[in-house]
Amino acid sequence: MNTRLAFGFTLLSLALPVGLSAQAQDSDDVDSTKPVATETETVETGLTESDSLAQQIVLPGDAVDLSSLIWEKRPVVVFADSPNDPRFIQQMDFINDRLDALDERDVIVLTDTARDSDSALRQKLRPRGFMLVMIGKDGTVYLRKPLPWDVREISRVIDKMPMRQQEVRDRRGDS
């Protein structure tokens, strides 16, 4: 599914006032005795589990400080010069298709598509055009790629990291 379309649909469905469908808003048959929600209220139950997971895992790069993620999450940073970059769109489609695999590996995806911004992520990682950066829980940059990677490839790299191998052993009860 196209990422822009998926996010747009989610935002559109959240923006509809509670208790009214888009069709009812346009008709004159709306019962004026029933309370009508204001435009700021949203339909929370319209979120699917995948949408909810996406909101937890995929965040704008300026929303999180990398130092706050150390020992908690594995950041995967996706840079592009524009949100319309075909490589960025493809990368986000790959990510959205396998959010569960990323969640299982404590991954948080940070996006930055503002080429001219002087964000902390851009200052630290110095991207040129599209770039995928994988950072370990210890804050070490493990991988930089100029092309989109699917989640299977990202997962393989993460699963080879010593800390991830220890997490798997701990989960199984091995020592």
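Colleague: Which helix is Ser155 found in?

Modeller: Ser155 sits in helix H7, residues 151-160. Helices here are DSSP runs of H or I with at least four residues, strands are runs of E with at least two, and both are numbered from the N terminus. This is a predicted model, where local features need pLDDT of at least 70 and side-chain atom pairs count only at pLDDT 80 or more, while totals for chains, interfaces and linings use all residues. Residues are numbered from 1 along each chain as its sequence is written, and side-chain values use heavy atoms, with hydrogens and water left out.

Colleague: Is Ser155 buried or exposed?

Modeller: Ser155 counts as buried because its relative accessible area is 6%. Buried means under 20% relative accessible area, exposed means over 50%, and partly exposed is in between, using a 1.4 Å probe and protein chains only.

Colleague: And what is Ser155 in contact with?

Modeller: Ala101 and Arg105, leaving aside neighbours within four places in sequence. Contact means heavy atoms within 4.5 Å.

Colleague: Stepping back, how many helices and strands are there?

Modeller: The chain has eight helices and five strands. Along the sequence the pattern reads α-α-α-β-β-α-α-β-α-β-β-α-α.

Colleague: How much of the chain is buried?

Modeller: Of the 175 residues, 35% are buried. As for contacts with a separation of 6 or more, 72% are between residues 24 or more positions apart.

Colleague: What about the core?

Modeller: The largest nonpolar core has 24 residues, and Val78, Ile95, Val109 and Ile154 touch the most other members. Helix H3 (49-57), S2, H4, helix H5 (99-104), strand S3 (107-112), S4 and H7 each supply at least two residues of this core. Apart from it there is another core, of twelve residues, including Leu69, Phe79, Leu125 and Met131. A nonpolar core is a set of buried Ala, Val, Leu, Ile, Met, Phe, Trp, Tyr and Cys residues joined through side-chain atoms within 4.5 Å.

Colleague: Which residues does Val109 touch?

Modeller: Not counting residues up to four places away in sequence, Val109 touches Ile57, Val58, Leu59, Val76, Val78, Ile95 and Leu102.

Colleague: Now H4. Which of its residues are buried?

Modeller: Phe88, Ile89, Gln91, Met92, Asp93 and Ile95 are the buried residues of H4. Helix H4 covers residues 86-97, twelve in number, and spans 16 Å from first C-alpha to last, close to the 16 Å expected at 1.5 Å a residue. That expected span is 1.5 Å times one less than the number of residues.

Colleague: What caps the N-terminal end of H4?

Modeller: Asp85 does, with a side-chain oxygen 2.8 Å from the backbone nitrogen of Arg87.

Colleague: Change of topic. Where does Leu66 lie?

Modeller: Leu66 is in the loop between S1 and S2. It is buried because its relative accessibility is 15%. Leu66 touches Pro75, Leu110, Leu121, Lys124 and Ile135, with residues up to four places away in sequence not counted.

Notes:
Polar contact = N/O pair within 3.5 Å; in protein donor to acceptor, adjacent residues only side chain to side chain.
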